Amino acid sequence: MEAATTPGLVCAHHHLYSALARGMPAPPRTPAGFIDILELVWWRLDRALDLESIRWSAMLGAVEALERGCTAIIDHHESPEAIDGSLDVIAEACAEVGVRVSCAYGITDRHGADGARRGLAENERYLRAGGRGMVGIHAAFTCSDASLESAAGLAVDLGVGVHVHVAEGAADVGVADRLRPLATDDWLLVHGVHLDDDHGLAGTFVHNPRSNMNNSVGYARPARFANPVALGTDGIGADMLDEFRVAYVRHREDDVTASPETAWEWLAGGWDLFPEARDDRVTWSPVACVDAPMDPWRLAFTTGVGPRTVEVDGEVVLADGRPTRVDADEVRARAAEEAVRLHRRLEDI
Ligand SMILES: [Zn+2]
C-alpha cells in the first residue's frame, strides 16, 4: 500500500505560550463572557510567563505540531513581565525541534504606554536581527490609536505585515474604522467574527473555529468575506487536519449546502502565507483513503490521520511518528515541571 504524502501543513494563528495552560488551576470564578475569559484566564497566564516557561511551552508546542504534520507556525506572543528577548526564545525552540515559525509580539496598552512601547521594541529588535516574523498587535480595543499607528508604521518600514486579533468579541467595536486606513494586503486579520460583510479591511483572515466555539464568541462565517482565508488554532494545538474537520462541520452547521472543499481551501490558504512549507514533505500513516489522500470529502470523515515521516527543508525531523532532533518524552517531562512552576505563580496574580 503506497503511503500518502502532502506538503507540511501551516497553522496560520497560534499562541505557543499557551501550551502549558492545560491543567492550570480553575479561575477564581466562572467566566461569564469573552472579556471575562481574557481577564480571568489568558491575561493572568501571560503575566505569569518568564523566559524559561516560554521556552518549554514553545518546545512542547513545536513537538506537538510536528507530531501532527504541521511544519510552519505563525505565532502571536505576549508575556508582559518577560518581553525582551521572548521572540528569540520562541524562534530558537522551534528551530531546535525543526519547525518553521513566524513570530510576532502582540503589543497592547493594557499595561500602560510603556508596555506598548516595549512590545514594539521587541518586534523591531527581533525583525531587524533577521528573525522571520510580523509586527504584532494584541487587538485594537486594547490599543490607543497612536500604538496602532506605530505598529503599522514599523511594519511598513520593515517590509512585513501586521498580525492582529480583529473583532473576536463584540467588545472590539469600531475596529474596522480604526484599522481600515492602516491595513494592507500583507496583514493577518485574526477571527473577524463581529465584522460586517463589507468591512473594507485589506489582508488575510485567519479562521479559528474551535477557539471561537470554546470562547462562545459566535460563528465568523468566513465564507462571506472577499479576503483570502487561512486556518489557525488560536493556541489549541496545531493539528491542522483536525482544525479543517472542525471548520467544515461548523460551516455545515450554519449552511447545510457547505462542502468540505471550502474548509480545505482555507487550510491551503496557509501555504500562501508560509510558502516554504510547500517544500516540506509529510508522509501520512496509511488510512482508508491512501489512494486519494488530499480528498477533502474523505478527510472530513477520517479521524486520527497522523504523519509517519516529516521532512523540513530536506531533513527528516519526524521518523516513525517521533521527532528526530529532540527526545519528545524529555520535552514533555521538562514542560510538565515548568507547568507546575507556572501554575504556582498564577496563585499570586
Ligand atoms: Zn489568538
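**Notebook: a sheet, a core and one isoleucine**

I started at threonine 6, which stands opposite valine 282 in β11. A reminder to myself: this is a predicted model.

**Entry 1, the sheet.** I looked up how β1 and β11 are joined. There are 2 bridges between β1 and β11 (residues 281-284), and the two strands run antiparallel. Then I followed the whole sheet. It is open, has 5 strands with antiparallel pairing, and its order reads β1-β11-β12-β13-β14. Which strands stand at the edges? I found β1 (5-6) and β14 (322-323) there; each has a single partner strand, so one side of each has no neighbour in the sheet.

Next I turned to the largest nonpolar core, which holds 103 residues. The members that touch the most others are Met59, Ala62, Ile73, Ile90, Cys94 and Phe244. Helix α2 (residues 51-66) gives the most to this core, namely 9 residues. I also listed the contacts of methionine 59, leaving out residues up to four places away in sequence: Ala93, Glu96, Val97, Val331 and Ala335.

Last, I checked the distance from isoleucine 137 to glutamate 265: they are 128 residues apart in sequence and 26 Å apart in space, C-alpha to C-alpha.

Definitions and conventions
Residues numbered from 1 in each chain as written. Predicted model: local features only at pLDDT ≥ 70, side-chain atom pairs only at ≥ 80, totals over all residues. Pairing = 2+ DSSP bridges. Helix = DSSP H or I, 4+ residues; strand = E, 2+ residues; numbered from the N terminus. Core = buried A, V, L, I, M, F, W, Y, C linked by C-beta atoms within 7 Å. Buried ≥ 20, exposed ≤ 12 C-beta atoms within 10 Å, placed from the backbone. Contact = placed C-beta atoms within 7 Å.
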